[in-house]
Amino acid sequence: MERNIVHCDLDTFFVSVARLQNSALIGKPMIVGGSSDRGVVSSCSYEARKFGIHSAMPMRLALQLCREAIIVKGDYDEYSKYSNMVTEIIKERTPLVEKASIDEHYLDITGMDKFFGCWQWTKELRQSIIKETGLPISFGLSANKTVSKIATGTAKPCGERQVNIGLEKNFLAPLSIKKIPMVGEKTYTLLRNMGISKILTLQQMEVFTMQRALGENGISIWKKANGVDDSPVVPYHEQKSMSKDHTFETDTIDMAVLKKILFTMIDELAFDLRKDVKLTSCLTLKIRYSNFDTHTKQIKIPYTSSERVLSEKIMLLFDKLYTRRMLIRLIGVKFSGLITGSYQVDLFNDTIKDVSLSSAMDHIRLRFGVDKVLRGISL
Ligand SMILES: [Mg+2]
């Protein structure tokens, strides 16, 4: 069956949020990120990009490229607020929504054409988001997620683009292979070394040539280059959560032991989040008492994968939930409301020391296994 899939992506999201709060920033080259000497560019305005500045660039280098660039410290609570506002507007109008990252959504609007016409519907939704939030956003509409995402990219900034069914290959052919979502720096270099720069070249190749060069990934890239993508839009509430439970050998009320177990579970889950490039927005604590009474408590939190932030929140939950002073048989932690997102964006809340500690621990865990390293606090 033919589908109608919308992709939408807020334009320079962190920059736009800062400009809502301070209109003096509009039209200026600006950078969101850590302002210290060792800071990194998290996001930058189109005016700053003209100077060659891009995200993940060291702040020091960015300022060499553009001295007058204004640095703004990130505010993750505000980003979460506006992100959820956009999600709510979309959900009011569309039953099938996937929140792909803090500033990106996929919508399956198949069947909508019978009533309104998908393109008209998409344009109206875009205008509503711009009007209700004040944030610029770009949209792509096509038969699948990949083509719509690439269409959004070509519509930026603040534009919209439709790729009609049957014209996917024509649309993709003249574009750079960099535009294919799966093609990162490494794959790009590899394909460039094979003499490939335009998607058209991939379309003209045999699939087995790509398979030989890149294995299973090669097949996926080849399919995407040909405008083929069957992957479904996965609704928000069906996205996976992550959880861990611990059952005590003997029931306990030893606070030191309970805290140690909680922090260990948080550390391990936060590591899994970062490994999958995910952020969580909902934290649940479960306590089962020795008489098998089970209580849970949940809080919504700004998107994060920082074990420091998550450890603070889990202790808040623990203090609220553990009021009975009874022996505990089991405790459990769950992260839900997951979206794709990088820990990078947490840079402004954490000091460089926190971040490098996390990544140093992740590095050791990836090499030697999760249980080989714990922060001092959980020992
Ligand atoms: Mg964006």
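In the predicted model, strands β2 and β3 run antiparallel and are joined by 3 bridges. Within this pair, Val32 stands opposite Ser43 of β3. Strands of a sheet pair through backbone hydrogen bonds, in either a parallel or an antiparallel sense. The two strands belong to an open sheet of 3 strands, in which the order is β3-β2-β4 and the pairing is mixed. Strands β3 and β4 stand at the edges with a single partner strand each, so one side of each has no neighbour in the sheet. On average, and with direction ignored, neighbouring strands of this sheet are turned by 30 degrees against each other.

Helix α1 packs on this sheet and touches β2, β3 and β4. The direction of α1 makes about 70 degrees with that of β3. Helix α1 is mostly covered, with 7 of its 9 residues buried. The buried residues of α1 are Phe13, Phe14, Val15, Ser16, Val17, Ala18 and Arg19. They pack against β1, β2 (residues 30–33), β3 (residues 41–44), β4 (residues 70–72) and α4.

The contact between two helices can be considered next. Two packed helices are described by the angle between their axes and by the distance between the axes. For helix α1 (residues 13–21) and helix α4 (residues 76–93), the angle is about 100 degrees and the axes are 10 Å apart. Angles from 65 to 115 degrees count as roughly perpendicular, and α1 is therefore roughly perpendicular to α4. On the α1 side, Phe13, Phe14 and Val17 take part in the contact, and they meet Glu78, Tyr79 and Tyr82 of α4. By class, this contact of α1 with α4 has 5 nonpolar residues, 1 charged residue and no polar residues. An α-helix has 3.6 residues a turn, so residues three or four places apart point the same way.

With β1, the pairing is antiparallel over 5 bridges, and Val6 has Leu107 of β6 as its bridge partner. With β5, the pairing is also antiparallel, over 4 bridges, and here Glu98 has Tyr106 of β6 as its bridge partner. A hairpin through 2 residues joins β5 to β6. Strand β6 is mostly covered, as 5 of its 5 residues are buried. In a regular strand the side chains alternate between the two faces of the sheet. In β6, Glu104, Tyr106 and Asp108 point one way, while His105 and Leu107 point the other way, and all of them are buried.

A binding site is recorded by UniProt, in an unreviewed entry, at Asp9 and Asp103. These residues span 95 residues in sequence, yet no two of their C-alpha atoms are more than 5.6 Å apart, so they gather at one spot. Burial was assigned from the count of other C-beta atoms within 10 Å, where 20 or more count as buried and 12 or fewer as exposed. Asp9 has 19 such atoms around it and is therefore partly exposed. Asp103 has 24 C-beta neighbours inside 10 Å and therefore counts as buried. When residues up to four places away in sequence are not counted, Asp9 touches Asp103, Glu104, Ile137, Ser138 and Thr152. With neighbours within four places in sequence left aside, Asp103 is in contact with Asp9, Leu10, Phe13 and Ser83.

Some backbone features lie in loops. Thr12, in the loop between β1 and α1, has a phi near 30 degrees, a positive value in a residue other than glycine. Thr12 counts as buried, with 25 C-beta neighbours inside 10 Å. A positive phi is also found at Phe292, again a residue other than glycine, where the value is near 75 degrees. Phe292 is in the loop between β10 (residues 278–289) and β11 (residues 294–304). With 8 other C-beta atoms within 10 Å, Phe292 is exposed. The peptide bond from Lys156 to Pro157 is cis, and its omega is near -5 degrees. Pro157 is placed in the loop between α6 (residues 145–155) and β8 (residues 160–162).

Definitions and conventions:
Residues are numbered from 1 along each chain as its sequence is written. This is a predicted model: local features need pLDDT of at least 70, side-chain atom pairs count only at pLDDT 80 or more; totals for chains, interfaces and linings use all residues. UniProt positions are given in the numbering used here, feature names are shortened, and annotations may be inferred rather than shown by experiment. Two residues are in contact if their C-beta atoms, placed from the backbone, lie within 7 Å. Axes are lines fitted to C-alpha atoms, for helices over the stretch in contact, and angles run from 0 to 180 degrees between N-to-C directions. Angles under 35 degrees count as roughly parallel, over 145 as roughly antiparallel, 65 to 115 as roughly perpendicular and the rest as oblique. Ala, Val, Leu, Ile, Met, Phe, Trp, Tyr, Cys and Pro count as nonpolar, Asp, Glu, Lys and Arg as charged, and the others, Gly among them, as polar. Two strands pair if DSSP finds at least two bridges between them.
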